[in-house]
Amino acid sequence: MGFAGSFWAAYFLLHVLVAPVARGDPLVPALIIFGDSVVDVGNNNNLTTLIKANFLPYGRDFVTHRPTGRFCNGKLATDFTAEYLGFTAYPLAYLSPDANGRNILTGANFASAASGLFDGTAQLYSAISLTRQLSYYKDYQTKVVNMAGKSRANDIFSGAIHLLSAGSSDFIQNYYINPVLRGLYPVDRFSDLLTSSYSSFIQNLFVLGARRIGVTTLPPTGCLPAAITLFGAGSNQCVERLNQDAILFNNKLNSTSQGLVNKLPGLKLVVFDIYQPLLAMIRKPDDNGFFESRRACCGTGTLETSLLCNDRSVGTCSNATEYVFWDGFHPSEAANKILAGDLLEQGFDLIS
């Protein structure tokens, strides 16, 4: 984020957030999360899928020092976001047995690792598609109405921040390894397909009462350690064609989002730029307090994720705070904390 960004994020926290949070009041009534492995907190734990993270060393640096299903050594960016917003607990995985009663009045997490904007991506890995996540959200709304009454429930839905993080799996875990899909869709048209799905999802959320929505851009996908290993043709550098695809998609995401704001009265929709903050950490790790940005902490750091990142993985680092990436695809807790600060700074309109 750099000094200037850090200064303004700190200023924002001190002068806008601290007062209400100090009183014990979250800044918004609930936090609702949709998407993929970047924000999944355990919905995949009980699915029949290979894409899981409910085993060590995942979670070794979490508050409980136990795996939860988060694809990280500790907290996700959304966990830090929940803290910054004044919540005393993180939104629970909706499929968790604990996600019931008053535990869900302040939000829920519907994200599923290996899901995407394109439902076909989730189907490949037996994950929860975005369409299915929306169905679970409708079920969640019914439960909240039954507990809180319709009037209060509507206030919760309209005042809640809804966050969506999806798209990376569509490219890395589907499009780039799927010759049939690449044959059907040039990358420009595939991006259009994804943004069309995104537009439908946002409009469906709007109909269900959501008015404050944030969506993250794609990261620099060509710089993820596993992406360099898989698609870098032996190079040790970021795969620029993948990064250009991400930029192309992000531009379409921004223009689609602006169109939705113009179309839907009362909608607050913020596109959170993840690309530039993460790229800054990767290109200049020292400036952000990191030692390593090419190799991840887990195992060899060049590929391992999910089942390949396990307690017997040889070479796993002892101090993940020095690494931008925890595994081949996912940021470390330390990187997530910086990203959360950027999200907070960019998301002022969702809170005000």
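A disulfide is a covalent bond between the sulfur atoms of two cysteines. In this structure, a disulfide is assigned to a pair of cysteine sulfur atoms within 2.5 Å. The model on the screen is predicted, and the tour below moves through it one selection at a time.

**Stop 1: the link of Cys298 and Cys309**

Select Cys298 and Cys309 and display their side chains. Their sulfur atoms are 2.1 Å apart and form a disulfide. The angle about the S-S bond is 110 degrees, and this link is right-handed. Both cysteines lie in the loop between H11 and H12, so the pair ties together parts that are 11 residues apart in sequence. Is Cys298 buried or exposed? Cys298 is buried, and Cys309 is buried as well.

**Stop 2: the link of Cys297 and Cys317**

Now select Cys297 together with Cys317. These two cysteines form another disulfide, with 1.9 Å between the sulfur atoms. Here the torsion about the S-S bond is about -100 degrees, so the disulfide is left-handed. Cys297 and Cys317 are both found in the loop between helix H11 (275–283) and helix H12 (333–346), and the pair therefore ties together parts that are 20 residues apart in sequence. Cys297 is buried at 1% relative accessibility, and Cys317 is buried with a relative accessible area of 8%.

**Stop 3: the link of Cys223 and Cys238**

Select Cys223 and Cys238 next. A disulfide joins them, with an S to S distance of 2.1 Å. The link is right-handed, with 115 degrees about the S-S bond. Cys223 sits in the loop between strand E4 (212–216) and helix H9 (225–231), while Cys238 sits in the loop between H9 and helix H10 (240–263), so this pair ties together parts that are 15 residues apart in sequence. With a relative accessible area of 1%, Cys223 is buried, whereas Cys238 counts as partly exposed at 24% relative accessibility.

How many disulfides does a search of the whole structure find? The search finds three. When the bonded cysteines are numbered in sequence order, the pairing reads 1-2, 3-6, 4-5.

**Stop 4**

Select Cys72. Cys72 is buried, with a relative accessible area of 0%.

Move on to Asn73, in the loop between strand E1 (31–35) and helix H2 (77–84). Asn73 is buried, with a relative accessible area of 4%. Leaving aside neighbours within four places in sequence, the residues in contact with Asn73 include Gly59, Arg60, Asp61 and Phe62, and also Ala320, Trp326, Ser332 and Glu333.

The loop between E1 and H2 also holds Pro57. Select Leu56 and Pro57 together: the peptide bond from Leu56 to Pro57 is cis, with omega near 10 degrees.

**Stop 5: helix H8**

Select residues 187–207, which make up helix H8. This helix has 21 residues and reaches 30 Å from its first C-alpha to its last, close to the 30 Å expected at 1.5 Å a residue. Colour the buried residues of H8; among them are Phe190, Leu194, Tyr198, Phe201, Ile202, Leu205 and Phe206. The buried residues of H8 also include Ser191, Thr195 and Ser199. Just after H8, select Gly209, which takes a positive phi of about 105 degrees.

**Stop 6: positive phi in residues other than glycine**

Select Ser126, in the loop between helix H3 (119–124) and helix H4 (130–148). The phi of Ser126 is positive, near 55 degrees, in a residue other than glycine. Ser126 is partly exposed, with a relative accessible area of 42%.

Then select Ala233, in the loop between H9 and H10. Ala233 is not a glycine, yet has a positive phi of about 50 degrees. With a relative accessible area of 80%, Ala233 is exposed.

**Stop 7: a nonpolar patch**

Finally, select Leu230, Leu303 and Leu308 and switch to a surface display. What kind of patch do Leu230, Leu303 and Leu308 form on the surface? The patch is nonpolar, and the three residues together have about 260 Å² of accessible area. Leu303 belongs to the loop between H11 and H12 and is partly exposed, with a relative accessible area of 31%. The loop between H11 and H12 also holds Cys298 and Cys309 from the opening stop.

How values were computed
Residues numbered from 1 in each chain as written. Predicted model: local features only at pLDDT ≥ 70, side-chain atom pairs only at ≥ 80, totals over all residues. Heavy atoms only, no water. Helix = DSSP H or I, 4+ residues; strand = E, 2+ residues; numbered from the N terminus. Buried < 20%, exposed > 50% of the residue type's maximum accessible area, 1.4 Å probe, protein only. Contact = heavy atoms within 4.5 Å. Expected span 1.5 Å × (residues − 1). Patch = residues over 30% accessible without salt bridge, like charges linked within 9 Å, V, L, I, M, F, W, Y side chains within 5 Å. Areas by Shrake-Rupley, 256 points an atom, 1.4 Å probe, with all protein chains shown as cover. Salt bridge = Lys/Arg side-chain N within 4 Å of Asp/Glu carboxyl O.
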